[in-house]
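The sequence and coordinates are shown first.

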Amino acid sequence: SLAAYPNPATSTVTVSYDLSGVNAAGSANLVITNLVGSKVAVRSLNGTSGKVGVDISNLDAGIYFYSIEANGQAISTRKLIVK
């Protein structure tokens, strides 16, 4: 499971994740991309579940996507709105 709050967000967003049941051996990352697919933020994830805070105050207002990537593949992707 994957969720971000608050959404829409302004300066920081907290993403909660649960990778149990997913083969995420090795390292997993939280990746935030813009609409054209450019990575604007990457955070390493520790463990199979938890929460990670991301400073998004440098991002322009608009629509972004956040996803969990493991083994070079996106496992889950959701929409993030930045005000």
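## Contacts of Leu-30

Leaving aside residues up to four places away in sequence, Leu-30 touches Val-15, Ala-41, Val-42, Arg-43, Leu-45, Val-52, Val-54, Tyr-66, Ser-67 and Ile-68. The model in which these contacts occur is predicted. Leu-30 itself lies in strand β3, which covers residues 28-33.

Is Leu-30 buried or exposed? Its relative accessibility is 1%, so Leu-30 counts as buried, the cut-off being under 20% relative accessible area. Thr-10, by comparison, is 20 residues from Leu-30 in sequence, and the two C-alpha atoms are 18 Å apart in space.

## The three-stranded sheet

Three strands form an open sheet in the order β1-β2-β5, and their pairing is antiparallel. β1 (2-5) and β5 (49-55) are the edge strands; each has a single partner strand, so one side of each is left without a neighbour in the sheet. From one strand to the next, the twist averages 20°.

How many bridges join β2 to β5? Strand β2, residues 12-18, runs antiparallel to β5, and 7 bridges join the two.

Val-15 is a contact of Leu-30, and its number falls within β2, residues 12-18. Val-52 is also a contact of Leu-30, and its number falls within β5 (49-55).

## Overall fold

The protein has 0 helices and 7 strands. Read from the N terminus, the order of elements is β-β-β-β-β-β-β. The radius of gyration is 12 Å, close to the 12 Å given by the globule rule for 83 residues, so the protein is as compact as a globular protein of that length. The C-alpha trace spans about 35 × 25 × 15 Å along its principal axes.

What share of the contacts with a separation of 6 or more comes from residues 24 or more positions apart? Such residues account for 55% of those contacts.

## Burial and surface

Of the 83 residues in the protein, 33% are buried. Leu-30, at 1% relative accessibility, is one of the residues that count as buried.

Methods. Residues numbered from 1 in each chain as written. Predicted model: local features only at pLDDT ≥ 70, side-chain atom pairs only at ≥ 80, totals over all residues. Heavy atoms only, no water. Pairing = 2+ DSSP bridges. Helix = DSSP H or I, 4+ residues; strand = E, 2+ residues; numbered from the N terminus. Axes fitted to C-alpha atoms, helices over the stretch in contact; angles between N-to-C directions. Rg over C-alpha atoms; globule rule 2.2 N^0.38 Å. Buried < 20%, exposed > 50% of the residue type's maximum accessible area, 1.4 Å probe, protein only. Contact = heavy atoms within 4.5 Å.
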